[in-house]
Amino acid sequence: MNAAPGGAVRRARLLLDLCHIAHDQDAIATAAELARLLERDLLGIYVEDEAVQHLASLPFARELRLPSGAWAALDPAQLDQEFRSAAERLRAMLRQQASRFDVRSEFQTVRADPARYVAGISGGADVVVLAVPREASARAVGSFAAAWHAAIESPATTLLLPSRLARRRGPVAAVLGAGAEQRARAAASLAAATGENVVALVQDAEAADGSLGEAGRSAGRAEHRLSVRRLGEPSVEALLRALSGVGERLLMLDRRFVSDVEWQAAMKLSEALGVPLLFD
């Protein structure tokens, strides 16, 4: 729980950054399902890019209109209407998926910097959700990279969705080591909620004794099995080797895995596995 203004208690939230969803029904459905499994309220946020609005107000700004290929002046009123239409479509999609998975949801529209707003309002108990854009151009020149850095540097947990989901069933995999007891409990809880097993990935079994023991106790209480796989260096390639043949539905790992590398490593791992990545 988080403290809300006025001293009220605010439930932990799953903050879904809708700017990078591109009306992807599957991504919104995945977020709604994970909100239920993680016991979070679902807050969908559509950020109207204030930079685009500012650009539209400049007299020399032009846009290339397709399919005619003609250049035309940007119309601020038309841009406002397009933002409103996009927001209404996303609101309806969010409401539909929240109802489908029986989670409490809200929808917000704000005008701000889309790269940093969502992470900026997050708290330590929240989960910030980003989805890898399907279009290569959006990954290269869009605001996704900046949004990723803001999320991973925020106090919240970061959930990265792949552009295409490989599966919705399978074990919950978690990288465990010294001090990862909370992640171990969370993995066992998710496994119990989905009727799946826990797969622990460890570099040093002795250093991971505490978290492995916690995972085993939690999994045992839920009557789920715990299996352990050896993980070499914490790289994308090592994780892919360790998870070969597992068929996991979600991977939980430490945000330090990406703290010193480019965001492309997280994207590469998510795309290669085709499952959500949860960085705590």
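Me: What is the mean pLDDT of the protein?
Reply: The mean is 82, and 80% of the residues reach 70 or more. pLDDT is the predictor's confidence in each residue, from 0 to 100. Residues are numbered from 1 along each chain as its sequence is written. In this predicted model, local features need pLDDT of at least 70, side-chain atom pairs count only at pLDDT 80 or more, and totals for chains, interfaces and linings use all residues; side-chain values use heavy atoms, without hydrogens and water.

Me: Where does pLDDT stay under 50?
Reply: Over residues 1-9. The model has 13 contacts (heavy atoms within 4.5 Å) for them beyond four places in sequence.

Me: New topic. How many aromatic pairs are there in the whole structure?
Reply: Two. Rings of Phe, Tyr and Trp (its six-membered ring) pair if their centres lie within 6.5 Å; planes under 30 degrees apart are stacked, over 60 edge-to-face, and the rest tilted. Tyr46 and Phe83 have ring centres 6.4 Å apart and planes at 65°, so they are edge-to-face.

Me: Which parts does that pair of Tyr46 and Phe83 tie together?
Reply: Tyr46 is in strand β4 (residues 41-49) and Phe83 in helix α3 (residues 76-100), so the pair ties together parts 37 residues apart in sequence. Helices (H or I, at least four residues) and strands (E, at least two) are DSSP runs, numbered from the N terminus.

Me: Are Tyr46 and Phe83 buried or exposed?
Reply: Both are buried. Buried means under 20% relative accessible area, exposed over 50%, partly exposed in between (1.4 Å probe, protein chains only).

Me: And what about the rings of Trp148 and Phe279?
Reply: Their centres are 5.4 Å apart and their planes at 75°, so this pair is edge-to-face. Trp148 is in helix α6 (residues 144-152) and Phe279 in strand β14 (residues 277-279), 131 residues apart. Trp148 and Phe279 are buried.

Me: How many cavities of 30 Å³ or more turn up?
Reply: Three. On a 1 Å grid over the protein atoms alone, a cavity is a set of points where a 1.4 Å probe fits but cannot get out; lining residues have an atom within 4 Å of a point. Grid points are joined across faces, edges and corners, and a volume is the space filled by probe spheres set on the points. The largest cavity holds about 60 Å³.

Me: Which helix gives the most to the lining of the largest cavity?
Reply: Helix α1 (residues 25-37), with three residues. The lining includes Thr30, Glu33 and Leu34.

Definitions and conventions: 1 Å grid on protein atoms, 1.4 Å probe; cavity = no way out; pocket = protein on both sides within 12 Å on 5 of 7 lines; lining within 4 Å.
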